[in-house]
Amino acid sequence: MGIPPSHIDHVKQFNLGTVFRLIDEHGPISRISLSKKATLAPASITKITRELVEAHLIHETEFPGLGFRGRPAVGLKLESKGWQFLCIRVNNGSLLFSLRELDNQLVVEDTFDFPKQNSDAFLHHFLAAIDTFFQRYQSRVERLTAISITMNAIVDPISGVIYSSPYYAIQDIPLADKIQEKTGVAVFLQHSVTAWTMAESLYGAAKNNSDILQIVIDDIVGAGVVTNGKTLHSNSHSAVEIGHTKVIDSQTQCYCGA
């Protein structure tokens, strides 16, 4: 019995995503090195990279080989020009929009007031803010690939649902699906601390580490965990929930975290 087509498609998408991420992290990188890092056959690498080149997501570039004379090696590098993604950060009372190139270069950034009164029609006001952003900066938007949304809230990153928020009186808002329906691009919703931990694991201080624990004590208290290279989640939301409470000692009048 053959493998179900849906499973085959999933494997292809996973391999394509893996190759693209490796080129993003290590480019310019040769196809031989890419094959080793991705643990995929050279023929598979050739096919996947051809698709990415044809889609104008990567391009070939020459770079000098280490310790060798002669013609420069041909490597693969991210084609970031014209490809963009939109980051939306939900703060207490505002929305921060950042439009960036795939290489993370900032195109334009703007902040919109988003008061707690918007809780009664949270989704309506959120979609209206997106409309306003695109109308205001339509000349700056080129090929939008995805939208990411981060916030300090109980969220389901798999289904894109906000369960609850400390800032807004909302419950079970299918934010990612509604924005994807409106814009036609993929939407990713994540808790701010977890998203920060993922960024550190890919590009920051924790790069090349497969097991990471990050604890943030700021205006919020939170934690993000990456184990064996994967973000730790339960079936519905972030598996790591920590918090604090203020305890007043009548003798010393100090505040203690718990």
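## Lys 182 and its partner

Lys 182 is partly exposed, with a relative accessible area of 38%. In this predicted model, the side chain of Lys 182 meets that of Asp 131 in a salt bridge, with 3.1 Å from N to O. The two residues belong to distant parts of the chain: Asp 131 sits in helix 4, while Lys 182 sits in helix 5 (residues 175–183), and 51 residues separate them. Asp 131 also counts as partly exposed, at 31% relative accessibility.

## Other salt bridges

Searching the whole structure turns up 4 salt bridges. Another one of them brings together the side chains of Arg 136 and Asp 110, at 2.7 Å from N to O. Arg 136 lies in helix 4 and Asp 110 in strand 5 (residues 106–113), so this bridge ties together parts that are 26 residues apart in sequence.

Next comes a pair within one helix. Glu 25 forms a salt bridge with Arg 21, and their closest N and O atoms are 3.0 Å apart. Both residues are in helix 1 (residues 5–26), 4 residues apart, which puts about one helical turn between them. Glu 25 counts as buried, because its relative accessibility of 17% falls under the 20% cut-off. Arg 21 is partly exposed, with a relative accessible area of 36%.

## Aromatic pairs

How many aromatic pairs are there? The count comes to 9. One of them joins Phe 122 and Phe 126: the ring centres are 5.8 Å apart and the planes stand at 40 degrees, so the pair is tilted. You can find both residues in helix 4 (residues 122–136), where they are 4 residues apart, or about one turn of the helix.

Another pair is formed by Phe 133 and Tyr 137. Their ring centres are 5.1 Å apart and their planes meet at 50 degrees, so this pair is tilted too. Both Phe 133 and Tyr 137 are buried. These two residues also take part in a cluster, in which ring pairs link Phe 97, Phe 112, Phe 133, Phe 134 and Tyr 137.

## The whole protein

Now for the wider view. The secondary structure comes to 6 helices and 14 strands. The protein has 258 residues, and 37% of them count as buried.

Contacts and surface complete the picture. Taking contacts between residues at least 6 apart in sequence, 48% join residues at least 24 apart. The protein exposes about 15600 Å², and carbon and sulfur atoms supply 53% of that area.

Conventions: Residues are numbered from 1 along each chain as its sequence is written. This is a predicted model: local features need pLDDT of at least 70, side-chain atom pairs count only at pLDDT 80 or more; totals for chains, interfaces and linings use all residues. Side-chain values use heavy atoms; hydrogens and water are left out. Rings of Phe, Tyr and Trp (its six-membered ring) pair if their centres lie within 6.5 Å; planes under 30 degrees apart count as stacked, over 60 as edge-to-face and the rest as tilted. Buried means under 20% relative accessible area, exposed over 50%, partly exposed in between (1.4 Å probe, protein chains only). Contact means heavy atoms within 4.5 Å. Accessible areas come from the Shrake-Rupley method with a 1.4 Å probe; for residues, only the protein chains shown count as cover.
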